[in-house]
Every structure is written in C-alpha cells, then in structure tokens.
Amino acid sequence: NPEQFNFEARDADGKYLGGLSGYAQLGWLFVKLLGLAPEARGHGVGRQLLDHAEAQALAAGFGGVYLDTFEFQAPGFYQKLGYTEFGRLPKLGDQPQRIWFAKILASG
C-alpha cells in the first residue's frame with residue numbers, strides 16, 4: 001500500500017506558495033506533482049519543498065526519490081538539485097518529451 005505524502009509552502013502571512021504531492025512505495029518516494037504559484041518561482045520554494053520531501057523520505061527509511069517532468073517544464077531544475085535522468089519517452093511529432101529523474105538518498 002503506497003503511503004501518501006503532501007507538503008505545502010506558505011509565506012509568513014500564510015499565503016500559499018506551492019505544494020508537493022507524492023507517494024512512497026518499495027523504498028522510493030515518487031513526486032507526482034510539484035507546483036508553485038507564479039510569484040514563488042525562482043525564490044527557492046521548489047527547492048525547499050523537494051528538500052523537505054527528501055528529508056521525510058530519509059526519515060522513513062526510503063533510499064531515493066523519483067519524478068517526471070516534460071522537456072518544457074523543469075529538467076534543468078532537477079539536474080541542478082542532483083537528480084539524474086533515467087528515462088525519456090521517444091519524441092512523437094510536436095509533442096513534448098516526458099523525462100524521468102531519480103536521486104539516490106542513501107546506499108541500499
């Protein structure tokens with residue numbers, strides 16, 4: 001049974017800045033969704049949410065985190081945070097490619 005994870009980021013006034021949703025199963029935390037309010041982008045909020053998810057995954061005994069994104073979204077962001085590409089759907093016409101990334105948190 002997958003374990004659900006949900007985290008929110010809010011500013012000092014309680015304004016919603018973004019969130020992360022995912023689930024853990026078989027030693028991995030899968031980030032299903034990472035979304036930020038437009039005004040929160042570029043201010044470290046996404047990094048903070050992923051850092052928190054990684055810390056929670058480690059505390060729960062999981063060995064890594066994986067996620068997917070599209071080529072027009074944030075592949076460079078995940079690479080900067082230490083995620084390694086491990087899969088990519090083939091390009092079909094003008095459709096964007098979907099890319100999978102993983103980050104090992106602890107040696108298994």
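Guide: Ala102 of β6 is the bridge partner of Thr84. The model is a predicted one, in which local features need pLDDT of at least 70 and side-chain atom pairs count only at pLDDT 80 or more, whereas totals for chains, interfaces and linings use all residues. Residues are numbered from 1 along each chain as its sequence is written, and side-chain values use heavy atoms, with hydrogens and water left out.

Ala102 is also the bridge partner of Tyr66. Elsewhere in β6, Phe101 is the bridge partner of Glu85. Strands (E, at least two residues) and helices (H or I, at least four) are DSSP runs, numbered from the N terminus, and two strands pair if DSSP finds at least two bridges between them. By that criterion β6 (residues 98–104) pairs with β5 in the antiparallel sense over 4 bridges, and β4 and β6 are likewise antiparallel, with 7 bridges. Strands of a sheet pair through backbone hydrogen bonds, either parallel or antiparallel.

These pairings belong to an open sheet of 6 strands, ordered β1-β2-β3-β4-β6-β5, with mixed pairing. Its edge strands, β1 (3–10) and β5 (84–88), each pair on one side only. From one strand to the next the twist averages 25°; axes are lines fitted to C-alpha atoms, for helices over the stretch in contact, and angles run from 0 to 180 degrees between N-to-C directions.

In the loop between β2 and β3 lies Leu26, which is not a glycine but has a positive phi of about 55°. Leu26 counts as exposed because its relative accessibility is 80%; exposed means over 50% relative accessible area, buried under 20% and partly exposed in between (1.4 Å probe, protein chains only).

Helix α1 (residues 45–59) lies across β1, β2 (16–25), β3 (28–36), β4 (64–70) and β6, at about 160° to β3. Phe7, within β1, counts as buried because its relative accessibility is 12%. Beyond its neighbours within four places in sequence, Phe7 is in contact with Gly18, Gly19, Leu20, Leu49, His52, Ala53 and Gln56, contact meaning heavy atoms within 4.5 Å. Phe7 and Asp51 are 44 residues apart in sequence and 11 Å apart in space, C-alpha to C-alpha.

The largest pocket holds about 560 Å³ of space. On a 1 Å grid over the protein atoms alone, a pocket is an open set of points where a 1.4 Å probe fits, with protein on both sides within 12 Å along at least five of seven lines, and lining residues have an atom within 4 Å of a point. Grid points are joined across faces, edges and corners, and the volume is the space filled by probe spheres set on them. Of its 24 lining residues, Leu34, Thr69, Gln73, Ala74 and Tyr78 lie nearest the centre. At least two lining residues come from each of β3, α1, β4 and α2 (75–80), with β3 giving the largest share, 7 residues.
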